[in-house]
Amino acid sequence: MSFDLKLSVSPTARAMRLRVDRRTGEVVLTIPRRASRRKALAWADGHRDWIEARLAEVAPAIALVAGGNLPLYGRPHLIDWSPARPRTPRLEGERLVVGGPEEGLEGRLLRWLRRHALDVLAAETAEFAAKAGVAVSKIGVGDPLSRWGSCSASGGIRYSWRLILAPDWVRRATVAHEVAHRVHMNHGPDFHRLVERLLGTDPKPARLWLRSQGPSLHRVGRPV
Ligand SMILES: [Zn+2]
């Protein structure tokens with residue numbers, strides 16, 4: 001197995017550190033500013049077995065291609081493409097029916113996923129906000145690498161559109177979490193009690209799911 005090493009020089013690191021990013025599949029070597037690059041590379045080379053074992057744990061990249069599968073709501077959905085159909089994807093049971101030229105198919109599917117994610121997340125945000133008796137001023141989606149949702153002091157909530165790829169119960173727990181931040185801008189006991197009341201169940205399994213399976217959601221629709 002071969003891999004590219006991304007060298008990151010850190011002003012605060014005290015020791016060399018290797019990690020494999022399960023979201024991007026990158027091997028990152030962090031070194032203190034004064035460290036010798038030659039020594040660092042030799043050190044990393046000595047950890048080749050460890051790197052390869054970690055790389056084997058990275059979920060394969062899922063390209064969105066005709067006849068392929070897309071993990072929508074945590075379940076595989078067939079990408080059912082035929083050029084004569086309308087370009088805009090349409091959900092039919094466990095199939096995503098889509099037409100138009102094959103070129104640009106992935107881009108159309110990604111744009112549809114983002115829009116669909118926004119619709120679903122906005123509806124669930126409204127549902128939990130009504131239950132919590134709060135207002136949410138603005139709802140948006142983006143594609144951040146490090147967070148699934150964020151709630152601003154001005155009352156807006158932004159989500160990762162990739163939550164639509166996760167099972168419904170994981171997505172709903174994330175929405176309940178962000179809406180609860182409209183009441184408590186912290187992670188104290190009152191906050192956790194409110195999340196559980198809004199959701200009607202313990203949100204912890206959803207957090208654990210995102211920790212273990214979340215990185216694989218970043219493997220969808222990226223270059224193989
Ligand atoms: Zn939080």
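Biologist: What conventions apply to the values?

Modeller: This is a predicted model, in which local features need pLDDT of at least 70 and side-chain atom pairs count only at pLDDT 80 or more, while totals for chains, interfaces and linings use all residues. Residues are numbered from 1 along each chain as its sequence is written, and side-chain values use heavy atoms, with hydrogens and water left out.

Biologist: In which helix does Phe 128 lie, and which residues does it touch?

Modeller: Helices (H or I, at least four residues) and strands (E, at least two) are DSSP runs, numbered from the N terminus. Contact means heavy atoms within 4.5 Å. Residues up to four places away in sequence are not counted, and Phe 128 then touches Arg 172, Val 175, Ala 176, Val 179, Leu 198 and Leu 199. The helix that holds Phe 128 is H3 (residues 105-132).

Biologist: Which residues coordinate the zinc ion?

Modeller: Donors are N, O and S atoms within 2.8 Å of the metal (3.2 Å for Na, K and Ca); water is not among the atoms, so sites may look incomplete. Along the chain, the donors of the zinc ion are spaced as H-x3-H-x5-H. Through their NE2 atoms, at 2.0 to 2.1 Å, the coordinating residues are His 177, His 181 and His 187.

Biologist: Is His 187 buried or exposed?

Modeller: The relative accessible area of His 187 is 52%. His 177, by contrast, counts as buried at 18% relative accessibility. His 187 is therefore exposed.

Biologist: How many bridges join strand E8 to E10?

Modeller: Two strands pair if DSSP finds at least two bridges between them. Strand E10 (residues 156-160) has four of its five residues buried, so the rest of the structure largely encloses it. Within E10, Tyr 159 stands opposite Val 141. E8 (residues 138-142) pairs with E10 in the parallel sense, and the number of bridges is five.

Biologist: Which residue in the turn between E9 and E10 has a positive phi?

Modeller: Strand E9 (residues 149-151) pairs with E10 in the antiparallel sense over three bridges, and Ser 150 has Arg 158 in E10 as its bridge partner. E9 and E10 form a hairpin with four residues between them. The residue with a positive phi, of about 100°, is Gly 155.

Biologist: Where is Trp 148 placed?

Modeller: At 18% relative accessibility, Trp 148 counts as buried. Its contacts, apart from neighbours within four places in sequence, include Arg 158, Tyr 159, Leu 210 and His 218. Trp 148 is placed in the loop between E8 and E9.

Biologist: What relative accessibility does His 218 have?

Modeller: His 218 lies in the segment after helix H6 (204-217). Among the residues it touches are Arg 23, Asp 143 and Trp 148. His 218 counts as buried, and its relative accessibility is 1%.

Biologist: Which strand gives the most to the nonpolar patch?

Modeller: The nonpolar surface patch of about 280 Å² is made by Leu 5, Leu 7, Val 9 and Leu 41. Leu 41 is in helix H1 (residues 37-45) and is partly exposed, with a relative accessible area of 44%. The strand that gives the most, with three residues, is E1 (residues 5-10).

How values were computed. Buried < 20%, exposed > 50% of the residue type's maximum accessible area, 1.4 Å probe, protein only. Patch = residues over 30% accessible without salt bridge, like charges linked within 9 Å, V, L, I, M, F, W, Y side chains within 5 Å. Areas by Shrake-Rupley, 256 points an atom, 1.4 Å probe, with all protein chains shown as cover. Salt bridge = Lys/Arg side-chain N within 4 Å of Asp/Glu carboxyl O.
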